[in-house]
Amino acid sequence: MPTYMLAIDQGTTSSRAIVFEKSGDIVAVAQQEFRQYFPRDGWVEHDAMEIWQSTLNVCRQALEKAGLTGADLAGAGITNQRETTVIWDRATGEPIHPAIVWQDRRTAATCSQLRSRDKESLVVERTGLLIDPYFSATKIAWILDEVEGARARAEAGELAFGTVDTWLLWQLTAGKSHLTDATNASRTSLFNIHTQQWDDELLALFRVPKEILPGVLDSAADFGVTEAELLGGPVQVAGIAGDQQAALVGQACFERGMAKSTYGTGCFLMMNTGTEPLRSENRLLTTVGYRLNGVTYYAVEGSIFVAGAAMQWLRDGLQLISHASESTAHAERVGVDNSVYMVPAFTGLGAPHWDPDARGAILGLTRDTGIGEIVTAALQSVCYQTKDLIRAIRNDGARLQELRVDGGMVVNDWVMQFLADILNVPVDRPRVTETTALGVAYLAGLQTGVYQGLDDISSMWERERRFSPDMSPGLRESLYAGWEDAIERIRHS
């Protein structure tokens, strides 16, 4: 029986493919960045065909590096940037508009109007989400309204909607599978997380025709088989999960109260709350953590829009550094007691503030401020934003004893130590930090019989290093007070 699994990790700035062994060890990796489009202030778009082509490229490259073909795989899984919205022609497979990315804020006015009509309580009750441009529903309606004839074609069943997982699955199966999983469905604002069904009242509220929606399966399920010529043999797509939920699985956070935080383009902290959803009173999100064998496991989540993207901006926008790895030397020279604060609200503030109109700023500048202080402030902003989320979780009555971390930024020891210090909790970095891809490989393995259950997966999680808090309470409080002041200035600017 084959035991290799292909994980497709389609992210906000790049597409990656990773081949895993049953042990969870990485056999081969391929990655390709793709272009970001910013047509107006607060608008973020991708070329959906470029996403597909880059994904196909990296899948082929990873298999070639591993010396494998599709015929050698037990199965494949897809994990994806969530909420990003694609609508395409069912007959041609061509998108009718560029993909609207999760970071995009163009529907802020629509969301404000819905809130003014007192509709947010309905949305929160059914979906666990707030009314915000972040989620897919208003993006779908915007495309259908703005593209000539699109709404009529959608109602006639000629168009299909999908988040990126659904879009890639459609392409991989040559249009045979128009499906998603419960985690991605739960991020659209159209899916009732209690009944596990598309909600007719929400569809009417957001003006989305039911005809364009995909079917919804468990996170480990039979999603279809890839066309044989694409990957050198047919491959069963057996797992799908949104990127943050996939990381929850990859970090083996299967017990109530276990939490992980992923540091990629954005930062997303997610805590398992078991089979009962926890409604946050502090503007966190209640969402589907994963669904297996028809049983839904819920999570509470805090979403930060900009983490690694801040370093990308320093590199590409301001050209203060040529590679993200240079940031460590700057931070070690400046030290933690940095009076400069960067609030990277490039596309608004996420949880727990949810201010789509806020914009980024650097505060505390003096004549002595240099590149080092600004770079350090960018690194620290990720940790301060995480503390905002932890405070909100604690105010909801949950207790965090430790935090498992993953994503590209966690290789930076300086950032991880500062994170432990500012949170005042231990931070655990796993041996395999590619936990988003690993999680969806695990899901595919569950479906194809590589693993017999979640206990198999839990037994494979290994800690590479623990970062323990080592900062005086006075300094911790002083630094965070400066951050809170910076946030207030941004929100009221």
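Modeller: Start with Arg126 and Glu201. Their side chains form a salt bridge, with 2.9 Å between the closest N and O atoms. A salt bridge here is a side-chain nitrogen of Lys or Arg within 4 Å of a carboxyl oxygen of Asp or Glu. Arg126 sits in helix α3 (residues 120–127) and Glu201 in helix α8 (residues 200–206), so this bridge links distant parts of the chain, 75 residues apart. Helices are DSSP runs of H or I, at least four residues, and strands are runs of E, at least two, numbered from the N terminus.

A word on the source: this is a predicted model, where local features need pLDDT of at least 70, side-chain atom pairs count only at pLDDT 80 or more, and totals for chains, interfaces and linings use all residues. Residues are numbered from 1 along each chain as its sequence is written, and side-chain values use heavy atoms, without hydrogens or water.

Back to the pair. Arg126 counts as buried because its relative accessibility is 18%. Glu201, at 43%, counts as partly exposed. The cut-offs are under 20% relative accessible area for buried, over 50% for exposed, and partly exposed in between (1.4 Å probe, protein chains only).

Next, Arg187 and Glu83. Their side chains meet in a salt bridge at 2.8 Å, N to O. This pair also links distant parts of the chain, 104 residues apart. Arg187 lies in the loop between α7 (182–185) and β10 (191–192), Glu83 in the loop between β5 (73–80) and β6 (86–89). Both Arg187 and Glu83 are buried.

Then Asp145 and Arg151. They meet at 3.1 Å, N to O. Asp145 is partly exposed at 39%. Arg151 is buried at 19%. Elsewhere, bridges that share partners join Arg82, Glu83, Arg187, Asp243 and Glu301 into one network. A search of the whole structure finds 31 salt bridges.

α17 (residues 473–491) has 19 residues. Its buried residues are Arg476, Leu479, Tyr480, Gly482, Trp483, Ala486, Ile487 and Ile490. The buried residues pack against β19 (341–343), β20 (361–363), α13 (371–395) and α14 (413–423). Contact means heavy atoms within 4.5 Å.

Notes. Expected span 1.5 Å × (residues − 1).
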